[in-house]
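This report describes a single protein chain from its overall fold down to individual residues. The sequence and the model are shown first.

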Amino acid sequence: MKSLTFLFLCLTTLTACFNDADSEEAYTVEDAKKDGHVITEHLVDNFDQITQGAVDNQNVDKILSFLESVDQKEKDSVDISIFTKNGTHFNNTISYDGDSIVFENNFDGYYKTPVGKYSCEFISKRGPIVYLDACKAEDGTKHSSMIGFIGTKEAFNNVK
């Protein structure tokens, strides 16, 4: 009888765990918008097409404001939500403490921009893409240039 009761308790606990995991809702574009993130939604899976503008962007003014803060040597940070074509969410953060830029990258889909935390010397917008330059990973690996954000010309122009 004791082993039957133990088995019943184990099954009940496992069932509860699986139900909790299933009940968690995925982070959505609307969630990111409410949280004030810069948002980029990939319309395709192909990297070259993404860099040519196959994205939808929201809150681009926040990345421009961050770039201005860095230029003024003012502390600031920006959260960037990336949504792949299938809706998978990745959150990246770029922060500036008045001295150095820290890039926390959780998305591995951009060319030569591996997942990790980096200390970077420069950040700039070139066309519709924001790059971080002269970056060093926590393990000491150096990266000359990394992609922080991919937008569209229209999204940047609509801010002005």
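In which helix is the place of threonine 51? Threonine 51 lies in helix H3, which covers residues 47-51. As with everything below, this is read from a predicted model.

## Threonine 51

The relative accessibility of threonine 51 is 17%, and because the limit for a buried residue is under 20%, threonine 51 counts as buried. Apart from neighbours within four places in sequence, threonine 51 is in contact with Ile129 and Ile150.

## Chain overview

The chain contains five helices and eight strands. Along the sequence, these elements follow the pattern α-α-β-α-β-α-β-β-β-β-β-β-α. Of the 160 residues in the chain, 34% count as buried. The accessible surface of the chain is about 9900 Å², and carbon and sulfur atoms account for 50% of that area.

Contacts can also be sorted by separation in sequence. Taking contacts between residues at least 6 apart in sequence, 39% join residues at least 24 apart.

## The sheet

Eight strands make up an open sheet with mixed pairing, in the order E2-E1-E3-E4-E5-E6-E7-E8. Its edge strands are E2 (55-58) and E8 (142-150), each of which pairs on one side only. From one strand to the next, the twist averages 30 degrees. Helix H4 (residues 60-71) packs on this sheet and touches E1, E2, E3 (76-83), E4 (89-96), E5 (101-105), E6 (116-126), E7 (129-137) and E8. The direction of H4 makes about 145 degrees with that of E3.

Strands of a sheet pair through backbone hydrogen bonds, in either a parallel or an antiparallel arrangement. Both senses can be followed at one end of the strand order. Strand E1 (residues 38-42) pairs with E2 in the antiparallel sense over four bridges, and the bridge partner of glutamate 41 in E2 is aspartate 56. E1 and E3 also pair over four bridges, but in the parallel sense; here threonine 40 stands opposite isoleucine 82 in E3. E3 and E4 run antiparallel and are joined by eight bridges, with serine 81 opposite asparagine 91 in E4. The hairpin of E3 and E4 has five residues between the strands, and in this hairpin glycine 87 takes a positive phi near 95 degrees.

## The nonpolar core

In soluble globular proteins, nonpolar side chains tend to be buried together. The largest nonpolar core of this model has 32 residues. The members that touch the most other members are Ile63, Ile94, Ile101, Ile123, Leu132 and Phe149. At least two core residues come from each of H4, E3, E4, E5, E6, E7, E8 and helix H5 (153-159). E7 gives the largest share, with six residues.

What does phenylalanine 149 touch, not counting residues up to four places away in sequence? The contacts of phenylalanine 149 are Val38, Ile39, Thr40, Asn57, Val60, Ile63, Ile80, Pro128, Ile129, Val130 and Phe156. Ile63, one of these contacts, is also among the core members that touch the most others.

## The salt bridge

A search of the whole structure finds one salt bridge. Arginine 126 forms this salt bridge with aspartate 133, and the closest N and O atoms are 3.1 Å apart.

## Positive phi outside glycine

Lysine 112 is not a glycine, yet its phi is positive at about 55 degrees. Lysine 112 is found in the loop between E5 and E6. With 55% relative accessibility, lysine 112 counts as exposed, because the limit for that class is over 50%.

Alanine 134, another residue other than glycine, has a positive phi near 55 degrees. Alanine 134 is found in strand E7. At 31% relative accessibility, alanine 134 counts as partly exposed.

Conventions: Residues are numbered from 1 along each chain as its sequence is written. This is a predicted model: local features need pLDDT of at least 70, side-chain atom pairs count only at pLDDT 80 or more; totals for chains, interfaces and linings use all residues. Side-chain values use heavy atoms; hydrogens and water are left out. Two strands pair if DSSP finds at least two bridges between them. Axes are lines fitted to C-alpha atoms, for helices over the stretch in contact, and angles run from 0 to 180 degrees between N-to-C directions. Contact means heavy atoms within 4.5 Å. A nonpolar core is a set of buried Ala, Val, Leu, Ile, Met, Phe, Trp, Tyr and Cys residues joined through side-chain atoms within 4.5 Å. Buried means under 20% relative accessible area, exposed over 50%, partly exposed in between (1.4 Å probe, protein chains only). Accessible areas come from the Shrake-Rupley method with a 1.4 Å probe; for residues, only the protein chains shown count as cover. A salt bridge is a side-chain nitrogen of Lys or Arg within 4 Å of a carboxyl oxygen of Asp or Glu.
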